[in-house]
Amino acid sequence: MAYEAAVADRPDAVVSFYGSGVPDRIGELHRVTCPIQFHFGGQDPYIPGTAVQRVVDAAAGHPGAEVHVQQDAGHAFHNDVAPRFHDPAAAAAAWDLTTAFLARTLPTT
């Protein structure tokens with residue numbers, strides 16, 4: 001949903017965590033005008049590595065886009081209320097990347 005919001009509108013910045021629909025819609029990345037950060041798990045059974053690679057390839061040619069893959073994490077690794085998915089180390093790393101991204105991309109008042 002975060003990616004779709006960035007495609008459809010003009011938010012200040014967007015962070016997308018394990019967007020399963022993103023790889024199939026990455027052709028719309030040219031419509032994204034704000035900084036955007038994507039997070040995926042390298043062991044995600046719902047989003048194969050080949051799909052994540054499509055996002056990586058598209059982001060490489062798009063200013064303001066970055067992709068981070070927590071190689072040992074699965075899907076929903078940041079979900080701390082679902083022990084089956086939660087990966088504390090991956091979540092902490094992704095959170096650090098997210099907060100740094102937002103700190104440098106969001107306008108300050």
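Start by selecting Ile 36 and showing everything around it. Leaving out residues up to four places away in sequence, Ile 36 touches Tyr 3, Ala 6, Val 14, Leu 29, Gly 64, Ala 65, Glu 66 and Phe 101; contact here means heavy atoms within 4.5 Å. Before you go on, note that this is a predicted model, in which local features need pLDDT of at least 70 and side-chain atom pairs count only at pLDDT 80 or more, while totals for chains, interfaces and linings use all residues. Residues are numbered from 1 along each chain as its sequence is written, and side-chain values use heavy atoms, with hydrogens and water left out.

**Stop 1: the sheet**

Next, select His 39 and then His 68, its bridge partner in strand 3. Strand 2 and strand 3 run parallel and are joined by six bridges. Strands, like helices, are DSSP runs numbered from the N terminus: at least two residues of E for a strand, at least four of H or I for a helix. Two strands pair if DSSP finds at least two bridges between them.

Three of them form an open sheet in the order 1-2-3, with parallel pairing. Strand 1 and strand 3 are at the edges with a single partner strand each, so one side of each has no neighbour in the sheet. On average, neighbouring strands of this sheet are turned by 15° against each other, direction ignored. Axes are lines fitted to C-alpha atoms, for helices over the stretch in contact, and angles run from 0 to 180 degrees between N-to-C directions.

**Stop 2: helix 3**

Colour helix 3 (49–60). Helix 3 packs on the sheet, where it touches strand 2 and strand 3, and its direction makes about 150° with that of strand 3. Together, strand 2, helix 3 and strand 3 make a right-handed β-α-β unit. To check the hand yourself, point the strands away from you: the crossover is right-handed if the path from the first strand over the helix to the second runs clockwise.

Within helix 3, pick Ala 59. Is Ala 59 buried or exposed? Ala 59 has a relative accessible area of 6% and is buried. Buried means under 20% relative accessible area, exposed over 50%, and partly exposed in between, using a 1.4 Å probe and protein chains only. Apart from neighbours within four places in sequence, Ala 59 is in contact with Leu 29, Ala 65 and Val 67. For a distance check, draw a line from Ala 59 to Gly 74: they are 15 residues apart in sequence and 21 Å apart in space, C-alpha to C-alpha.

**Stop 3: the nonpolar core**

Select Tyr 3, Ile 26, Leu 29, Val 32, Ile 36 and Phe 38, which touch the most other members of the largest nonpolar core, a set of 24 residues. Such a core is made of buried Ala, Val, Leu, Ile, Met, Phe, Trp, Tyr and Cys residues joined through side-chain atoms within 4.5 Å. Helix 1, strand 2, helix 3 and helix 4 are the elements that give two or more residues to this core. Helix 3 gives the most, with four residues.

**Stop 4: the aromatic pairs**

How many aromatic pairs does a search of the whole structure find? The search finds four. Rings of Phe, Tyr and Trp (its six-membered ring) pair if their centres lie within 6.5 Å; planes under 30 degrees apart count as stacked, over 60 as edge-to-face and the rest as tilted.

Show Tyr 3 and Phe 38: their ring centres are 5.8 Å apart and their planes at 50°, so this pair is tilted. Tyr 3 lies in helix 1 (residues 2–8) and Phe 38 in strand 2 (residues 36–41), so the pair ties together parts 35 residues apart in sequence. Tyr 3 is buried at 2% relative accessibility, and Phe 38 is buried at 0%.

Then move to Tyr 18 and Phe 77, an edge-to-face pair with 5.2 Å between centres and 75° between planes. Tyr 18 and Phe 77 are 59 residues apart, and both are buried.

**Stop 5: two positive phi values**

Stay on Tyr 18, which has a positive phi of about 35° although it is not a glycine. Tyr 18 sits in the loop between strand 1 and helix 2. Finish at Ala 76, in the loop between strand 3 and helix 4. Ala 76 has a positive phi near 60° and is likewise not a glycine; at 10% relative accessibility, Ala 76 counts as buried.
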